[in-house]
Amino acid sequence: MAAPLSRRAFLKRAAGGLALASLSPPISAFAQGVATTAGEAVAVEVNARALSSFDLRDPSHVRFGSFQFRSGLMLTSPFRKFGGLSSLHLDAAGENFVMASDKGDWFTGRFVYDGPALRGLADVKSAPMRDRSGNRIAAKGWFDTESLTFNGSIAYVGIERVNKILRFDFAKGGALARGEEIVLPAEIAKLPYNLGLEALVYIGSGHPLAGTLLAISEQALDTQGDIFAFLIDGPSPGMLRIKRSNGFDISDATLLKTGDLLLLERKFSFVSGVGIQVRRIPVSEVAPGRVVDGPVIFSADLGYEIDNFEGIASHTTAAGDTVITLISDDNFNLVQRTLALQFTLVEP
């Protein structure tokens, strides 16, 4: 979690609401589900409103850099813990999801589509994250669960407030699985308060760094102003840096099938306003000791349907399209919104 102006007040001091009038009529709730073991996982009702366009000024505008708008939803729920969504994992079909909230809760379910367009969420359930002893991690002061990545059934969750990473085996109970701390480089414990672990990416087979967990800080900077990142385990563990771009802070990342890394970034300032951007970096350039950078392939400001986007995921459709999904963290703030947006990645 960033300093107050870049997170808790991300939109509160900018332009609250962002054109609710542009939303289409409400879509009925999809998420009903059933409660599971001992009531620890509960069904969550989620309502969705379709976003008619991404550009608030020109609905016919659908191409934004390398992104082409597909569809979007504004999500609301009577479930008081729904919100604060800071990370997103999707299955290969782009349907089943796992998300983590800031407050140490899991949300699982599936996206419902009408053709290529998002229609709503279904079968949504929530459960608190627990440690190996069964204690709620939030009760231990382990919250700001900002980052999530999977290696098969193994989920890794980064906890920014204490700069720890927990390992959960979803084959053992899904969201009811218990987490165990993994051993981390000593430098991670020294990351600045509230600016630490913000993005995790597991690099799987087919890459030179296969078996590596890439952990990226939000705004832990070196003397040159570049962002610290860490390669954990794998063939070449160590530290590297990511060139800071345009004053943006990193909020999440995803690895494409092509082997490129997409970095989701956001900023707030009174001078330049609110914005989000996505950079593309070949994972082949990622190595200990390096400073890596890549071009901005997507950017947007308050003229578009944006909010505090903190989760990014990618999947490939049956037609071969690479789809990028973004999810926003409303910080449990009535001024902010939970948005789910999808874009097609347009290759050069």
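In the predicted model, β13 (164–169) and β14 (residues 178–181) pair in the antiparallel sense over two bridges; strands are DSSP runs of E of at least two residues, numbered from the N terminus, and two strands pair if DSSP finds at least two bridges between them. L166 has E181 of β14 as its bridge partner. Both strands belong to an open sheet of five strands with mixed pairing, in the order β10-β14-β13-β12-β11. Because β10 (130–131) and β11 (145–151) stand at the edges with a single partner strand each, one side of each is left without a neighbour in the sheet.

The loop between β12 (154–159) and β13 contains R161. The side chain of R161 makes a polar contact of 2.9 Å with the side chain of Y193 and another, of 3.4 Å, with that of N194. A polar contact is a pair of N or O atoms within 3.5 Å; within protein, one must be able to donate a hydrogen and the other to accept it, and residues adjacent in sequence count only if both atoms are side-chain atoms.

Most residues other than glycine have a negative phi. D233, in the loop between β17 (227–232) and β18 (238–242), has a positive phi of about 60 degrees. N331, in the loop between β25 (322–328) and β26 (338–345), has a positive phi near 55 degrees. N331 counts as buried at 8% relative accessibility, the cut-off being under 20% relative accessible area (1.4 Å probe, protein chains only).

Residues are numbered from 1 along each chain as its sequence is written. Local features need pLDDT of at least 70 and side-chain atom pairs count only at pLDDT 80 or more, whereas totals for chains, interfaces and linings use all residues, and side-chain values use heavy atoms, leaving out hydrogens and water.

Technical notes:
Helices (H or I, at least four residues) and strands (E, at least two) are DSSP runs, numbered from the N terminus. Buried means under 20% relative accessible area, exposed over 50%, partly exposed in between (1.4 Å probe, protein chains only).
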